[in-house]
Structures are given as C-alpha cells and as structure tokens.
2 protein chains.
Amino acid sequence: MVAPLTGGPGPVGHTDRTRVRRLPELAVRERATLHAVLDAGRVAHLAIVDGDQPYALPVAHARDGERVLVHGSTGSRLFRRLAAGAPACLTVTLLDGLVLARSAFESSMNYRCAMALGRLVPLDGTAKLAALERLAEHLLPGRWAQIRPPSAKELAATLVLALPLDECSVKISAGPPDDPVDDLDRPVWAGVVPVVETYGVPQPDPRLRHDLPPPEW
Amino acid sequence: MVAPLTGGPGPVGHTDRTRVRRLPELAVRERATLHAVLDAGRVAHLAIVDGDQPYALPVAHARDGERVLVHGSTGSRLFRRLAAGAPACLTVTLLDGLVLARSAFESSMNYRCAMALGRLVPLDGTAKLAALERLAEHLLPGRWAQIRPPSAKELAATLVLALPLDECSVKISAGPPDDPVDDLDRPVWAGVVPVVETYGVPQPDPRLRHDLPPPEW
C-alpha cells in the first residue's frame, strides 16, 4: 500500500532512483516509517564504488533527525573515499519472517528495508563527539554516561560521517503468502514463521573487576 | 587470528581487493569458515553500480559448492544489470553480540562477515531449476518436495544468477571487549550481550484449508 506523505524535508521515494518499481504496492512513503526502520536496525550496509568495483560494507549506524550517522577508521580506504564525498547507498534490512507459500514462486520473506542514497559528510569537533554519543546510544541507551569518552588520539583515528536523508526509499513486505486460488488446496502448511532477534544471556568480561549487574534492556 | 589455508579453488583473501587491511587479526582464510558464514545467513546484500550510483540490495541467497546463488525479477533494472555481468559484491553479515567495553572507542559488535567480489552468471534450463530448489532449501529444508514447482511462466519471470566464490574475504570479531588496562577499574559492567535470531510462533495463513501442523525446524 502507498501511504500518504507526512512531514520532513521531503517525501520518501520521490526521485527516479528511489521510486519503487518492482512490487510498487510494497512502497511506503511516510517518513515516520523510514525513521522506524532505520531506528530498529543494528547493522546497515553501505554500498560504495572503488574503481569499477562496488563494495557492500557492514557498518554500525544511528539516525539523528533527518540524517544517518556512521563511523569508521581513518585507516579504511573505503571510509576515506566516503569521507571524500563518493556516492553511496545505505541500506537497513530487517528480516521479519519466512513466508511459506504453497508454490516455490510465492515463497518469500517478510521484511522491512530502508535505503538512502547520497554523499556522506565528515563531522568534526563537537558535532563529531555528539555523533559518536548518538551512535553509542542507538545500540546501548544510557551507556554513554558510564563509559570513558574518546581521547583526542581515539577521535583522530575515527571518521564520523553523516548521510542526509534526502533521497530514500522504504519497502515493506508483510502478511500471509499470496498464493493464487488454484494452489490453495495443496495439502501443505502455509503461513509465516516469524524471525525474531533477541538478546542472550550477558557474558561478563573475564577481566571484570566489579560485581556489577549486567545492563537491563 | 589468521588461520591456515584449507582446500577449495583458492585461498580466501588472496587478492589486494579482499585482503583485510583494517584489523587484519580478524581476517580468516579458511574456506570452511567462508562457507559456514554464507550458510548461516538468511539475507545477503548485493552491491551494484548504476551510472556512478552504487546500490546495496537485500537478497535471498544460498551457497552451492563454490558459488552463491541469488534470484530476482526480470522486471528489476538492477538485476538485469547483474545478469549482464556488471561487477558486484555480495556480503553476508551475522551480528553475534554487542560488545560493552569500558570506553566508547572499544565498544563494538561481535560479528561474522563474508564478502565475495565478482560478476554473476545467469543460469538457465535445468541448472536454473536446480538453483531455485537450492535457494528454497537453504531457508526451508525439505520444503521443495511439498510445494508446487515453478511454472514455465514463473520461471521466465525469474532471473537466477550465480556468483563464483573466487575472490572473497571473511572477517570475524568475537570475544570480550579489548579495553586497555588503564580502563579496567572503571565501575561499569563490561562484557558481551549475545544477539540471537530465533523463530517465533508460526502464523497460519488465514486461507489454510487443511489442519496441518506447522514445520518443525
């Protein structure tokens, strides 16, 4: 379904490059949904080109208003290319379930996928430090106040980049299998098997010196 | 740690493009590990370039010996580019845990990441059908025998592509935080919070006509 546009700097999927052509009924145009998908993801994949070779790099990310923050090492050739303004694509994909249809063709996955195209901008000074805090808080809310902030040397070894959410698309596949009527009598179970990401039992660092409880989230 | 090379068509990480430069101690060179990471992943991200714009596309994948299979629609512009032999990168990232260190700089994630560079080759005829079976069996072992195989029309609407595992890298980050000794006295819990993917309660299709049990895995 294509939902109505909502506020933000611009609509989602408004350019030729971000309009969803395949299965356009799965396209979503609300910025709130774009934000929700980016916020729910723990890992993003950044596409970047070096020569004629594209790479898909996994990165930690965090949304900060209408941009996405990432960080990497100054020692990474691809991160230095990103910092220099090379075109990039950041994709966050959340797998929600396996769709067990009665045919091979309709068997699929339920997912939410957000994609943002553009060029990343390096951050410095207080903006860089604030972005690192945002990145930590995305995964570990409340933790920034407890840990040692980066030293000048650590900051100098880190690139922090921001990708404006100017040109984005969101695609959501949800619900039961879409088998044609002719297949409904097949004697095979059909439905959705949800895929759920949870936390396991925290494993204390063997060097932990304090008898502290693990985090609660 | 860099493990010894093992069998297969060639070593992992043997080219300039796949040698792990950043944190080379995380590089793995065993093909068995490459295979294990690809086999454990449910979603891959394919990087591909269109003009000067790279894209990172989520895809279902399956390893078949020394190649990775993917499929997509003939209606997808990017998939048609892949089928035409455009350079690509397929990345599978498994998030294993959040690493809670005593400093922002050492806070990170434990993960396994496999990356394969190359050009995809379209499959046809019986090879195409066998690849679709392999793709279904990767996610849903045993299911192919129960469901309706693709019709000629469905096959014609599907591109099935194979990426040879000729140029690959694998990087694994595991274990407790790597805090410097000076930080060990900070009164904050440190360790790893595992991230675990599980299946939820199967949701039967509302149109299910048979009183069949859901799959067991």
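Author: Let's start with one pair: A:Leu46 stands opposite A:Leu57 in strand 3 of chain A. One more thing to keep in mind is that this is a predicted model.

Reader: What makes strand 2 and strand 3 of chain A a pair?
Author: The cut-off is at least two bridges between two strands. Strand 2 and strand 3 of chain A have seven bridges, running in the antiparallel sense. They count as a pair, therefore, since the rule asks for at least two. The two strands also form a hairpin, with two residues between them. In that turn sits A:Gly51, with a positive phi of about 70 degrees.

Reader: What else is chain A built from?
Author: Chain A has four helices and twelve strands. Its C-alpha atoms fill a box of roughly 65 × 50 × 35 Å along the principal axes.

Reader: Which strands make up the open sheet of four in chain A?
Author: The order is 4-5-9-8, with antiparallel pairing. Strand 4 (61–63) and strand 8 (121–122) of chain A each have a single partner strand, so they stand at the edges and one side of each lacks a neighbour in the sheet. Further in, seven bridges join strand 5 to strand 9 of chain A, and A:Arg67 stands opposite A:Pro164 of strand 9.

Reader: How do you know that strand 11 of chain A pairs with strand 12 of chain B?
Author: Same test, across the chains: at least two bridges are needed. These strands have two bridges, in the antiparallel sense, so they pass. One place to look is A:Val192, whose bridge partner in strand 12 of chain B is B:Gln203.

Reader: How many residues of chain A and chain B are in contact?
Author: 88 residues of chain A are in contact with 88 residues of chain B. The area buried between the chains is about 8100 Å², and carbon and sulfur atoms give 62% of that. A:Arg148, A:Trp189 and A:Arg207 supply 9% of the area chain A buries against chain B, more than any other three residues.

Reader: Why is the link between B:Asp205 and A:Arg102 called a salt bridge?
Author: The cut-off for the nitrogen and the carboxyl oxygen is within 4 Å. For B:Asp205 and A:Arg102, the closest N and O atoms are 2.5 Å apart, so the label applies. Between chain A and chain B the count is eight salt bridges. The rule also finds 37 residue pairs in polar contact across this interface. On the side of chain A that touches chain B, the residues divide into 52 nonpolar, 16 polar and 20 charged.

Reader: What makes the links of B:Thr15 polar contacts?
Author: Here the N or O atoms must lie within 3.5 Å. The side chains of B:Thr15 and B:Thr18 are joined at 2.8 Å, and the B:Thr15 side chain meets that of B:Glu167 at 2.7 Å. Both distances fall within the cut-off, so both links carry the name. As for its place in the chain, B:Thr15 lies in the segment before strand 1 (27–28) of chain B.

How values were computed
Residues are numbered from 1 along each chain as its sequence is written. Chains are lettered from A and ligands numbered from 1 in the order in which they are written. This is a predicted model: local features need pLDDT of at least 70, side-chain atom pairs count only at pLDDT 80 or more; totals for chains, interfaces and linings use all residues. Side-chain values use heavy atoms; hydrogens and water are left out. Contact means heavy atoms within 4.5 Å. Buried area is the accessible area (1.4 Å probe) that two parts lose on being put together, summed over both. A salt bridge is a side-chain nitrogen of Lys or Arg within 4 Å of a carboxyl oxygen of Asp or Glu. A polar contact is a pair of N or O atoms within 3.5 Å; within protein, one must be able to donate a hydrogen and the other to accept it, and residues adjacent in sequence count only if both atoms are side-chain atoms. Ala, Val, Leu, Ile, Met, Phe, Trp, Tyr, Cys and Pro count as nonpolar, Asp, Glu, Lys and Arg as charged, and the others, Gly among them, as polar.
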